[in-house]
Amino acid sequence: MDWKLSSILASIITLVSTTLVVKLLNWVWFRPKKLEKLLRKQGLSGNPYRLFLGDMQDFGNVMKTEQPKTLKLSDDLPPHILPYYHNIIHKYGKLSFVWFGPSPRVNVADPELIKEILSKPGLFHKPLPDPIGETIVGGLLFLEGDKWAKHRKIINQAFHMEKLKNMIPAMFLSCSKMIEKWEASISSCGSSQEIDVWPSLEDLSGDVISRTAFGSSYEEGRRIFELQKEQVKLVLHLLQFSFIPGWRYFPTNANRRLREITKQIESLLRGIINQRGKAMERADGEIIRNDLLGILMESNFREIQQHGNKNVGLSIEDVIEECKLFYFAGKETTSNLLVWTMVLLSKHQDWQARAREEVLQVFGKKQPTFDGLHQLKIVTMIFQEVLRLYPPAPLIIRAPTKTVQLGSTIIPVGVQLTLLIGLLHHDPDIWGNDVKEFKPERFSEGISSATKTQYSFIPFSSGPRVCVGQNFAMIEAKMALAMILQHFSFELSSSYLHAPFPIMTLQPQYGAPLIVRKL
Ligand code: HEM
């Protein structure tokens with residue numbers, strides 16, 4: 001009997017371990033080799049597959065070498081903002097791929113192919129984030145299918161123009177705080193002062209999101225966002241090891257701290273949301289505050305009431321994920337846009353003067369209004385040109401849900417696609433020979449006249465999954481720039497080093513020290 005039992009056990013163990021070994025070998029060797037053969041047969045090139053790591057080591061080395069480099073403002077940007085992809089395309093041509101561990105990713109920078117991908121979100125999904133990355137970005141950004149549609153419908157209402165209009169006072173308050181701080185710092189040493197505007201602009205967008213997302217619970221919101229800042233740093237560190245299966249369960253200090261912070265954030269958010277939920281129930285679904293959380297909860301409440309069914313709405317966990325995402329998606333991207341705008345307007349004083357003239361014409365020295373912000377044509381053109389040259393998100397990724405034909409290439413499941421926004425925006429075939437130059441006048445007749453096709457300029461992506469916060473970001477950026485131009489003039493400090501680099505988003509490596517002068 002004992003003998004029989006142990007032989008059954010041994011057979012089960014052998015079967016399970018053989019299956020695991022076969023699966024592992026398939027994942028780490030046979031599948032990548034099969035995909036590589038298929039891609040090469042169709043004329044695509046890239047480095048030969050290297051066991052487990054693929055191009056990851058080279059990728060890390062190139063990023064390490066490129067990161068500290070500084071460049072001239074007139075230099076070509078793609079080698080710095082997308083260094084590894086640029087190298088691969090330089091070596092292998094446009095029809096090329098990069099190995100992300102055992103997964104090949106095909107480079108795409110052709111507007112027609114990008115259109116094909118972005119207009120069919122059912123066919124091209126977002127690859128699921130790494131479980132470590134998921135601690136900071138969840139929610140709408142990575143949902144698919146019906147669940148995405150349900151969340152998007154509810155969240156769209158929170159970002160409706162009418163709702164954004166009510167957020168103007170909160171944005172104004174945050175901008176005023178920054179202006180006062182700069183004024184105080186200048187007053188203490190004459191009429192001008194060197195200020196590194198980058199940390200101020202990062203604080204500004206964090207402050208705007210805290211106020212517009214949580215309104216009266218702003219202080220708790222701010223605490224959440226401070227924790228999230230630490231969380232992002234830890235995640236960036238841990239992502240280096242993300243290709244090691246189960247790494248997040250290793251008892252390292254970073255993993256432990258990440259778990260602690262994640263718990264703290266969720267419990268703070270749950271507290272705010274529960275409090276709001278109770279207040280809303282007492283008020284029979286009436287909107288309690290004009291902040292993003294209030295609007296999100298109200299549209300959720302209405303959706304549930306309309307259908308008489310809780311399943312049509314968002315759960316508390318869903319709302320938590322969306323709030324975390326607002327901060328993550330909204331903070332760095334908008335501060336990126338503002339910092340590169342200030343750098344470029346420092347270099348191009350003529351455009352700074354034109355923008356100020358427009359702002360003073362519309363508002364004088366008065367508080368910018370929602371309607372006035374929409375009249376700012378020069379400022380809009382400047383932002384568009386900055387987003388072209390310095391897209392805060394220089395690439396996005398998609399994965400086909402079934403074997404598809406993309407142009408003349410068959411893309412099987414398992415191959416991913418890197419949509420290289422940073423290269424698309426710098427392609428001389430699309431933008432002309434002056435592609436490297438800062439020329440906001442390209443956009444004087446709107447985006448469609450500036451570009452050959454709708455999908456040539458996509459800083460906010462495009463199609464059904466276009467950035468939901470696009471209008472929010474543009475209103476915030478316009479309010480901030482208008483107020484800066486009303487109060488100050490600025491130029492590059494001699495200590496400024498130009499070093500844009502993609503760390504999640506396109507950041508100024510050495511800050512942005514400018515000489516800021518009170519007007
Ligand atoms: C200059 C500022 C911004 C830029 C350049 C930007 C860019 C983008 C891009 C490129 C995507 C597509 C990502 C992908 O498909 O993988 C995206 C999606 C998204 N963005 Fe933004 N974003 C900005 C500001 C904001 C703000 C302020 C918020 C919210 C407060 C926000 C919330 C989102 C969300 C929720 C999505 C996912 C939409 C979906 O998948 O349906 N973004 N953004």
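Trainee: Which residues does Leu-417 touch, not counting residues up to four places away in sequence?
Mentor: Contact means heavy atoms within 4.5 Å. By that rule Leu-417 touches Val-106, Val-108, Ile-117, Phe-124, Ile-396, Ile-397, Arg-398, Leu-406 and Ile-411, with residues up to four places away in sequence not counted. This is a predicted model, in which local features need pLDDT of at least 70 and side-chain atom pairs count only at pLDDT 80 or more, while totals for chains, interfaces and linings use all residues. Residues are numbered from 1 along each chain as its sequence is written, and side-chain values use heavy atoms, with hydrogens and water left out.

Trainee: Which members of the largest nonpolar core touch the most other members?
Mentor: In soluble globular proteins, nonpolar side chains tend to be buried together. A nonpolar core is a set of buried Ala, Val, Leu, Ile, Met, Phe, Trp, Tyr and Cys residues joined through side-chain atoms within 4.5 Å. Buried means under 20% relative accessible area, exposed over 50%, and partly exposed in between (1.4 Å probe, protein chains only). The largest core here has 147 residues, and Val-197, Leu-201, Leu-417, Phe-472 and Ile-484 touch the most other members. Helix α13 (residues 316-347) gives the most to this core, with 15 residues. Helices (H or I, at least four residues) and strands (E, at least two) are DSSP runs, numbered from the N terminus.

Trainee: How do the axes of α8 and α20 cross?
Mentor: Axes are lines fitted to C-alpha atoms, for helices over the stretch in contact, and angles run from 0 to 180 degrees between N-to-C directions. The axes of α8 (residues 168-187) and α20 (residues 470-487) come within 10 Å and cross at roughly 35°. The contact includes Phe-172 and Trp-182 of α8, and Phe-472 and Ile-484 of α20. By class, this contact has 13 nonpolar, two polar and two charged residues. For that count, Ala, Val, Leu, Ile, Met, Phe, Trp, Tyr, Cys and Pro are nonpolar, Asp, Glu, Lys and Arg are charged, and the others, Gly among them, are polar.

Trainee: Which protein donor does the iron atom of the ligand have?
Mentor: Donors are N, O and S atoms within 2.8 Å of the metal (3.2 Å for Na, K and Ca); water is not among the atoms, so sites may look incomplete. Here the only protein donor of the iron is Cys-467 (SG), at 2.3 Å. Cys-467 lies in the loop between α19 (447-450) and α20.

Trainee: What is phi of Ser-461, and is the residue buried or exposed?
Mentor: Phi of Ser-461 is near 65°, a positive value in a residue other than glycine. Ser-461 also sits in the loop between α19 and α20, and counts as buried because its relative accessibility is 14%. Phe-52, in the loop between α1 (2-41) and α2 (56-66), likewise has phi near 65°. At 24% relative accessibility, Phe-52 counts as partly exposed.

Trainee: Where is Gln-228 placed, and what does Gln-228 touch?
Mentor: Gln-228 is in helix α10 (residues 218-238). Its relative accessible area is 2%, so Gln-228 is buried. Leaving out residues up to four places away in sequence, Gln-228 touches Ile-136, Ile-265, Lys-324 and Tyr-327.
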